[in-house]
Amino acid sequence: MKNLTKLKNEPGVYRILNLINKKVYYGSTSKLLRRHGEHKKELKNKTHFNSHLQNAWNKYGEENFIFEVVCSCSTVENARKLEQKCLDIYKPWVKENGYNKSKEVDKIPILTKEQRRKISERMIKNNPMKNKETVKKVQESLKDYKPTQETNYMHINLQKRQKNTIIIE
């Protein structure tokens, strides 16, 4: 699969084309660049969710697949509508045509920023460690705790591992 240097993290529709048999996989995403990387990583690691595409990748090799942007879109909703049109026209769910598993774009709900904010607030509110009473109970239960030499050693090793950890978002 070729790397696309001009690819941006914007909503859009893409396809993965097999250059040998011309079969395609259509998808839509909120971030084209990120999705390209996810597909490529999963296919290389042989962990792709689509077994039909994964088997073809294993058989024909990376060099015989390309990731193409069909269209950049202003919103994810528009990208999903366009993906559905591609599915309707090219019928890539038919095994002879492509690798898609379904006739329809997945019905995954797209959350607005406001919906995500409300969910986040609810999760924080329901977190037991944010409750002062729970925190007091935990502190009380640990008041008489005396770590052994083994638990001290494990704690030190855990701290060392955490200092050397790089978090990639």
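Among contacts in the chain between residues at least 6 apart in sequence, what percentage join residues at least 24 apart? In this predicted model, the share is 59%.

Figure 1. The predicted model contains six helices and three strands. The chain has 169 residues, of which 27% count as buried.

**Figure 2. Crossing of helix α1 and helix α2.** Helix α1 spans residues 32-44 and helix α2 spans residues 51-60. Their axes come within 10 Å and cross at roughly 65 degrees. Because angles of 65 to 115 degrees count as roughly perpendicular, α1 is described as roughly perpendicular to α2. The crossing in which α1 passes α2 is right-handed.

**Figure 3. Residues in the contact between α1 and α2.** On the α1 side, the contact is made by Glu42, Leu43 and Lys44. On the α2 side, Leu53, Gln54 and Trp57 take part. Sorted by class, the residues of this contact are three nonpolar, one polar and two charged.

**Figure 4. The ring pair of Tyr14 and Tyr25.** A pair of aromatic rings is described by the distance of the centres and the angle of the planes. The count of aromatic pairs comes to five. For Tyr14 and Tyr25, the ring centres are 6.4 Å apart and the planes stand at 40 degrees, so the pair is tilted. Tyr14 lies in strand β1 (residues 12-18) and Tyr25 in strand β2 (residues 24-29). The two residues are 11 residues apart, and their pair links distant parts of the chain. Tyr14 and Tyr25 are both buried.

**Figure 5. The ring pair of Tyr14 and Phe67.** Tyr14 also forms an aromatic pair with Phe67. This pair is stacked, with 4.8 Å centre to centre and 15 degrees between the planes. Phe67 belongs to strand β3 (residues 65-72), whereas Tyr14 belongs to strand β1. Phe67 is buried, as is Tyr14.

**Figure 6. The aromatic cluster.** Which residues do ring pairs link into a cluster? The members are Tyr14, Tyr25, Phe49 and Phe67. Within this group, the pair of Tyr14 with Tyr25 is tilted, and the pair of Tyr14 with Phe67 is stacked.

Key. Residues are numbered from 1 along each chain as its sequence is written. This is a predicted model: local features need pLDDT of at least 70, side-chain atom pairs count only at pLDDT 80 or more; totals for chains, interfaces and linings use all residues. Side-chain values use heavy atoms; hydrogens and water are left out. Axes are lines fitted to C-alpha atoms, for helices over the stretch in contact, and angles run from 0 to 180 degrees between N-to-C directions. Helices (H or I, at least four residues) and strands (E, at least two) are DSSP runs, numbered from the N terminus. Angles under 35 degrees count as roughly parallel, over 145 as roughly antiparallel, 65 to 115 as roughly perpendicular and the rest as oblique. A crossing is left-handed if the near helix is turned anticlockwise from the far one by less than a right angle, and right-handed if clockwise. Contact means heavy atoms within 4.5 Å. Ala, Val, Leu, Ile, Met, Phe, Trp, Tyr, Cys and Pro count as nonpolar, Asp, Glu, Lys and Arg as charged, and the others, Gly among them, as polar. Rings of Phe, Tyr and Trp (its six-membered ring) pair if their centres lie within 6.5 Å; planes under 30 degrees apart count as stacked, over 60 as edge-to-face and the rest as tilted. Buried means under 20% relative accessible area, exposed over 50%, partly exposed in between (1.4 Å probe, protein chains only).
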